[in-house]
Amino acid sequence: MVHKLISTWVLLIFISFRGLASQVLIPMDESQKDHLKSYGLAYWVLQQQVEVDWLLNYKGGSFAFAHNPKLENEMVVRGITYQVISDAQYNQVLSQIASPESNMDVMKLEKVPKIAVYSPKTKQPWDDAVTLVLTYAEIPYDVIYDEEVMQGVLPKYDWLHLHHEDFTGQYGKFYMSYRNYPWYIAQQQESEATAKKYGFNKVTQLKLAVVNKIKEFCVGGGFMFAMCSATDTYDIALAANGLDIVEAMFDGDAADPGAQQKLDFTKTFAFKDFTISRNPYDPEFSNIDNQQHERGLMESNDFFQLFTFSAKWDPIPTMLTQNHEKTVKGFMGQTTAFKKQLIKSDVIIMGETKAANEVRYMHGTLGKGTWTFYGGHDPEDYQHHVGEEPTDLALHPNSAGYRLILNNILFPAAKKKKLKT
């Protein structure tokens with residue numbers, strides 16, 4: 001009898017111990033030592049076939065999952081702040097989140113998103129914020145470019161990032177300053193060879209075909225994310241479908257003088273009523289980008305504000321704006337910010353600088369898929385110049401600007417809830 005009582009007591013202690021240590025909570029508020037690596041850890045946990053709860057608006061958009069020693073060891077190795085809590089404690093958290101008075105929700109992450117980065121194979125004299133943060137967070141990705149897109153690989157991926165790119169076929173409009181540089185020449189040669197291989201007479205025709213295949217990817221359920229010049233040039237290429245908007249140094253013949261009047265804004269994702277730049281020596285593609293002299297901002301006062309959405313009613317923009325800061329440092333790029341008056345009414349604006357009447361971060365749906373545009377080049381390098389060294393993200397593990405990129409990376413992992421608005 002005594003032996004039986006002791007055995008029962010030991011069993012109860014064991015059960016109690018398991019109850020006190022059954023869930024892992026990764027806080028994403030100011031207490032987190034490395035926000036960026038926390039996203040990579042959540043991705044890795046999914047790879048271990050363990051579901052992750054994304055606790056929207058709870059302590060900055062925290063992550064939670066079932067505890068086991070292997071997962072805990074990985075968090076220690078990656079230097080991430082975490083807590084091991086009991087089932088009872090976690091149920092209290094879930095009750096707090098479920099309260100009708102709270103602007104919080106639980107999003108189940110179930111799928112490991114397969115990620116592609118659209119980027120040229122030739123070496124570019126600048127780095128890409130997305131590849132930098134994916135590498136730092138230890139999230140795997142494939143690099144694809146025009147050939148792979150033309151070969152039809154996009155349906156194999158869930159998420160596609162468009163690297164700093166010029167979809168108008170004007171090689172970034174760097175002709176005046178860099179046309180004799182080896183990297184510019186190599187880029188032009190690569191693009192011309194690919195165009196010829198796929199039966200196009202001009203690079204502009206190749207880029208339009210790529211743009212349309214990416215559009216098909218979105219319509220079919222893909223998630224597309226673009227930054228810097230890959231945002232406005234993508235829409236410009238769509239609006240100019242079938243038109244010649246580039247001068248002879250880019251494609252061998254003159255542009256259509258009436259191209260502006262023939263633009264079709266019904267084909268674009270985000271922008272309307274914009275005016276393209278006809279000057280091949282002007283580094284701007286159109287008036288979509290809010291220029292420095294128009295913005296009236298400097299590094300010391302350049303910030304944008306994230307919108308707050310209803311977690312229970314609008315989970316998608318809520319996911320995409322998860323952060324420990326609602327005011328984010330601005331940063332420049334070839335395309336820095338989007339003039340608000342040139343954005344279509346159905347676009348969801350997620351971040352803006354009201355003082356400059358500009359949008360920095362926005363989102364939309366297309367068919368079964370979605371797209372997100374984010375202005376600027378590098379969230380931790382205010383004015384990244386051609387040829388500069390890449391940003392060391394080990395110095396910026398809590399970057400609010402980089403967190404927005406990683407929100408988009410995990411977005412395709414979510415079990416979708418229907419929008420209620």
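Strand β3, spanning residues 62-66, is mostly tucked away in this predicted model: four of its five residues are buried. As a reminder of how strands work, in a regular strand the side chains alternate between the two faces of the sheet.

β3 has pairing partners to look at, starting with strand β1. Made up of residues 23-26, β1 pairs with β3 over four bridges, in the antiparallel sense. Within this pairing, Q23 sits opposite A66 of β3.

Strand β2, residues 52-56, also runs antiparallel to β3, and three bridges join the two. Here W54 is the residue that stands opposite F63 in β3. β2 and β3 form a hairpin, with five residues between the strands.

Now for the helices. Two packed helices are described by the angle between their axes and the distance between the axes. For helix α2 (residues 35-47) and helix α5 (residues 129-137), the axes come within 8 Å and cross at roughly 70 degrees. Angles of 65 to 115 degrees count as roughly perpendicular, and α2 and α5 therefore fall into that class.

Which residues make this contact? On the α2 side they are L36, K37 and G40, and these meet V133, Y136 and A137 in α5.

Terms used. Residues are numbered from 1 along each chain as its sequence is written. This is a predicted model: local features need pLDDT of at least 70, side-chain atom pairs count only at pLDDT 80 or more; totals for chains, interfaces and linings use all residues. Side-chain values use heavy atoms; hydrogens and water are left out. Buried means under 20% relative accessible area, exposed over 50%, partly exposed in between (1.4 Å probe, protein chains only). Two strands pair if DSSP finds at least two bridges between them. Axes are lines fitted to C-alpha atoms, for helices over the stretch in contact, and angles run from 0 to 180 degrees between N-to-C directions. Angles under 35 degrees count as roughly parallel, over 145 as roughly antiparallel, 65 to 115 as roughly perpendicular and the rest as oblique. Contact means heavy atoms within 4.5 Å.
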